[in-house]
Amino acid sequence: MTAPRHRTATAAAADDTVSAVVRQWRVVHPGLDTAPMEVIGRVNRCAALLQQAEDAPLRRAGLSRPEFDLLGALRRTGHELTPGELARETFSSGAAVTKRLKQLTERGLVERRGDTRDRRVAHLRLTDEGRELVDGILPEQLAYEKAVLSVLAPEGRHELAGLLGELLGRLEGSLGALRA
């Protein structure tokens, strides 16, 4: 029986784009600790490459990732949300949410209901068509994401998810202090 064909993390990192950048910085500034660049640079590069791939199943459905995130938030919460609540759920600006909601409403995927007590407030929910689209595309999107991550061994995916979860939790709790 042959071993899995996954390269070790050290071997893979030795020839990625970030390692070339780090090597160049070490020549220019040999005394600087470039270790943070090896993590942050790789996270940023992975995010950029994943965004370039544009999530093939979503693209085929005519959706962007941010639009799908809005639809997904409405689906997974199971109740109506205001635009402000959607912005918080999707980590988006109010203006971005408003623009996306206009497009999704025009496509018949989301419907808006005014508040009976405050006309300035809108309540949003998925239409039947929107719910069917989310429910239909989610399994395909998850299969796509699984294929993207298949270059990592299962235990590597688990470890990476744990490490990223730890980093994200700490950043969400303390990044404001770093900005000061």
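These legends go with several close-up views of one predicted model. Residues are numbered from 1 along each chain as its sequence is written, and side-chain values use heavy atoms, with hydrogens and water left out. Because the model is predicted, local features need pLDDT of at least 70 and side-chain atom pairs count only at pLDDT 80 or more, while totals for chains, interfaces and linings use all residues.

**View 1. The whole protein chain, to get your bearings.** The protein chain has nine helices and two strands (DSSP runs numbered from the N terminus: helices are H or I with at least four residues, strands are E with at least two). Along the sequence, the elements follow the pattern α-α-α-α-α-α-α-β-β-α-α. Of the 180 residues, 22% count as buried (under 20% relative accessible area; exposed is over 50% and partly exposed in between, with a 1.4 Å probe and protein chains only). The accessible surface comes to about 12,800 Å², and 59% of that belongs to carbon and sulfur atoms (Shrake-Rupley method, 1.4 Å probe; for residues, only the protein chains shown count as cover). Among contacts with a separation of 6 or more, 49% are between residues 24 or more positions apart (contact means heavy atoms within 4.5 Å).

**View 2. Helix H2 against helix H3.** Two packed helices are described by the angle between their axes and the distance between the axes. Here H2 (residues 17-28) and H3 (residues 35-53) pack at about 145°, with axes 9 Å apart (axes are lines fitted to C-alpha atoms, for helices over the stretch in contact, and angles run from 0 to 180 degrees between N-to-C directions). From H2, Thr17, Val18, Ser19, Val21, Val22, Trp25 and Arg26 meet Met37, Glu38, Gly41, Arg42 and Arg45 of H3. By class, this contact has five nonpolar, three polar and four charged residues (Ala, Val, Leu, Ile, Met, Phe, Trp, Tyr, Cys and Pro are nonpolar; Asp, Glu, Lys and Arg are charged; the others, Gly among them, are polar).

**View 3. Helix H5 crossing helix H8.** The axes of H5 (residues 65-77) and H8 come within 10 Å and cross at roughly 120°. That angle makes H5 oblique to H8 (under 35 degrees is roughly parallel, over 145 roughly antiparallel, 65 to 115 roughly perpendicular, and the rest oblique). H5 passes H8 in a left-handed crossing. Look for Arg65, Phe68, Leu71, Gly72 and Arg75 in H5, which meet H8 residues including Arg131, Leu138 and Gln141. The contact of H5 with H8 has six nonpolar, two polar and five charged residues.

**View 4. Gln141, a buried residue of H8.** Gln141 sits in helix H8 (residues 128-149) and counts as buried because its relative accessibility is 1%. Setting aside residues up to four places away in sequence, Gln141 touches Asp55, Pro57, Leu58 and Arg65.

View 5. Thr127 lies between strand E2 (122-126) and H8. With a relative accessible area of 13%, Thr127 is buried. Beyond its neighbours within four places in sequence, Thr127 is in contact with Gly108, Leu109, Val110 and Glu111.

View 6. Glu85, in helix H6 (residues 83-90), is partly exposed at 31% relative accessibility. Thr98 belongs to helix H7 (residues 94-106) and is partly exposed at 47%.

Definitions and conventions:
A crossing is left-handed if the near helix is turned anticlockwise from the far one by less than a right angle, and right-handed if clockwise.
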